[in-house]
Amino acid sequence: MAGPTYEELLKWEDDLPQHNLDLPFPEGQTGRFVKFSNQANFLGWNNCLNERLMNAHLAYMAKRAYVFSDYWWAPEHYRWPYPKGGARTPMSAMISGPIVGGAWESGDDAPRSVSDRWFNVVCPPSERRIIAATDVKPAVGGAPGDVVFAHWQQLLFDAPERCIEVVPGSMELDTFPQVFDLGLWGTPRVLALWDLFAPSPTSRLLGPSPIVESALARNSALFVPRGARAAVGPAARDPYARMLAVHLRRGDYEVHCHNLAAWGAQYYGWAQLPLLPDKLVLPDGDVREEAMLAHCLPTAAQLAQRVDEVRRDYVHAGAGAGEGRALDVLYVLTNEAGPWLDELKRVLRDAGAGWDTIVTTRDLRLDQEQTDVGMAVDMELARRAAVFIGNGWSSYTSAIIHQRLVDGREPISIRLT
């Protein structure tokens, strides 16, 4: 069975009102545009999403229309038979907002984002200025994120050309030729971008796609508490208000966590924010890898203990604020597909911790398009849950942390395994 074709969604993108040559500046045939052809693809969606969001904000601050493009899948991540020529999914199948052509806020005169198909119309190759990332990056190599951002913003703002395409340049000089690359996201250098990015309209107006919304509506009954009525506070009508969502990586992380331990890797992206309660503190010596694996690849027993600790902390914080809180719905976001999930459920129930309702990614009922964007469905569930526990080395967790903080969630509701 082949993956979805998204014919209707692609037509919707093509019909966006900003795809019109007759529009006045800063759009139309006199508008200013930037396409980042050095953006990552063929990685996990959230490695790509984190970068694309920052590129979109950079375009916004440089007074140019961001050019959005489809997400290209790595073969090992694609759920369907991998087609010749590659597999891709429109970004607008997973997210909504200005980054994929949505409107800015009232009174904001920024140009709207356009598709790469429209960029080929409004900015034919003969009219583009090509900028190689490897020509620009050495000037800010190793600098904090805000310095990197300001350098590129000035370059794109001052450039007189209407149409700019940023290309990788020499891969011999830089194997990560993105503007905001792994060397930034995987170190504390990225934190200097938070105060610039978090309050931006690119960040605040980011939302789920209609496909993701439909998946949540279809599966909402799964999250209705099935146990006894909570003893503390009124039973919430919104099941997400009683939910603890935990991101449990398996699969590739069974090898990746050992590699991270060998590298001495710190947390990734926004998991490094100092306002979050959980910090990475590991012992030295022979027990270091074992201690790291307890966080990166916890056993069922370790996870059961952790979710109980996090729930106690969250409920206690509510009691101190004079409010009753109850968590009795547990959602496990995971790429695990084997019997290990059944063992995890058994351990959680045998612990007697009151998790009467336990749902996993594998329990969701999704149609073809919803299945294709299942990672975005899981992300939105984690965004809406009362409490989220993530994996600090995961770009997936980093993206969820960003969205929850922008939504105004308490730091005590954002934890790490």
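Let me begin with a term: buried means under 20% relative accessible area, exposed means over 50%, and partly exposed lies in between, with a 1.4 Å probe and protein chains only. What we have here is a predicted model, in which local features need pLDDT of at least 70 and side-chain atom pairs count only at pLDDT 80 or more, while totals for chains, interfaces and linings use all residues. Residues are numbered from 1 along each chain as its sequence is written, and side-chain values use heavy atoms, with hydrogens and water left out.

Now to the backbone. Most residues other than glycine have a negative phi, and most peptide bonds are trans. Tyr6, which is not a glycine, has a positive phi of about 60°; Tyr6 sits in the segment before α1, helices being DSSP runs of H or I with at least four residues and strands runs of E with at least two, numbered from the N terminus. With 2% relative accessibility, Tyr6 counts as buried. Lys63, also a residue other than glycine, has a positive phi near 65° and lies in the loop between α2 (45-61) and β2 (65-68), where Lys63 is partly exposed at a relative accessible area of 45%. The peptide bond from Phe25 to Pro26 is cis, its omega being near 15°, and Pro26 is placed in the loop between α1 (7-14) and β1 (33-36).

Finally, a helix pair. The axes of α15 (residues 374-384) and α16 (residues 395-406) come within 9 Å and cross at roughly 45°, the axes being lines fitted to C-alpha atoms, for helices over the stretch in contact, with angles running from 0 to 180 degrees between N-to-C directions.
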